[in-house]
Amino acid sequence: MSWMPMTGGEGMASSYFLGGLYVLAGLVFGGLCAQKAVQKGLSAVGWFFAGLFLLAPSYAVLVLCRCGQAQSLDKTRPPLACAGCGTLHHPSARRCSGCGAELEPAAPSEVDHAR
Ligand SMILES: [Zn+2]
């Protein structure tokens, strides 16, 4: 009856514990990756499994890589408030619609795209 060492019980318990932690972390990073992927217009299911198995590295790749950001730049930029009067306007606006002050466009306008 030596198929299991005396300390096996303890080792089994800690390996189950680590396995549980791994699964838990996988679900957390899978969820984070899926959410980030949706924001970037990528496959949520594919990135969920990437986060599930690879944990933090896949999430870091998703956060750091710029894939999908260029196309959604205009849509995801929040409206900017005028420094003078606080009116909200499109980030590519060159002039405040509230007080007429000159603005520094935070994003290239559609006109610049066409050029
Ligand atoms: Zn203004």
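**View 1. The largest nonpolar core of this predicted model has 10 residues.** The core consists of Phe29, Cys33, Ala34, Ala37, Trp47, Phe48, Ala50, Leu52, Tyr59 and Leu62. A nonpolar core is a set of buried Ala, Val, Leu, Ile, Met, Phe, Trp, Tyr and Cys residues joined through C-beta atoms within 7 Å. A residue is buried if 20 or more other C-beta atoms lie within 10 Å of its own, exposed if 12 or fewer, and partly exposed in between, with C-beta atoms placed from the backbone. Helix H1 (8–40), H2 and H3 each supply at least two residues of this core; helices (H or I, at least four residues) and strands (E, at least two) are DSSP runs, numbered from the N terminus. Residues are numbered from 1 along each chain as its sequence is written. Because the model is predicted, local features need pLDDT of at least 70 and side-chain atom pairs count only at pLDDT 80 or more, while totals for chains, interfaces and linings use all residues.

**View 2. Helix H2 (residues 44–54) packs obliquely on helix H3 (residues 56–64).** Their axes come within 6 Å and cross at roughly 135°. Axes are lines fitted to C-alpha atoms, for helices over the stretch in contact, and angles run from 0 to 180 degrees between N-to-C directions. Angles under 35 degrees count as roughly parallel, over 145 as roughly antiparallel, 65 to 115 as roughly perpendicular and the rest as oblique. Trp47, Ala50, Gly51 and Leu54 of H2 make the contact with Pro57, Ser58, Tyr59 and Leu62 of H3, where two residues are in contact if their C-beta atoms, placed from the backbone, lie within 7 Å.

**View 3. Helix H3 has a buried face.** Ser58, Tyr59 and Leu62 are the buried residues of H3. Seen down the helix axis, these residues fall within an arc of 100° and so line one face; the arc is that of the directions from the helix axis to the C-beta atoms. Pro57, Val63 and Leu64, on the other side of H3, are exposed.

**View 4. Leu55 lies in the loop between H2 and H3.** Phi of Leu55 is near 55°, a positive value in a residue other than glycine. Leu55 counts as partly exposed, because it has 18 C-beta neighbours inside 10 Å.

**View 5. Arg95 lies in the loop between strand S2 (88–89) and helix H5 (110–114).** Apart from neighbours within four places in sequence, Arg95 is in contact with Gly100, Glu102 and Leu103. With 13 C-beta neighbours inside 10 Å, Arg95 counts as partly exposed.
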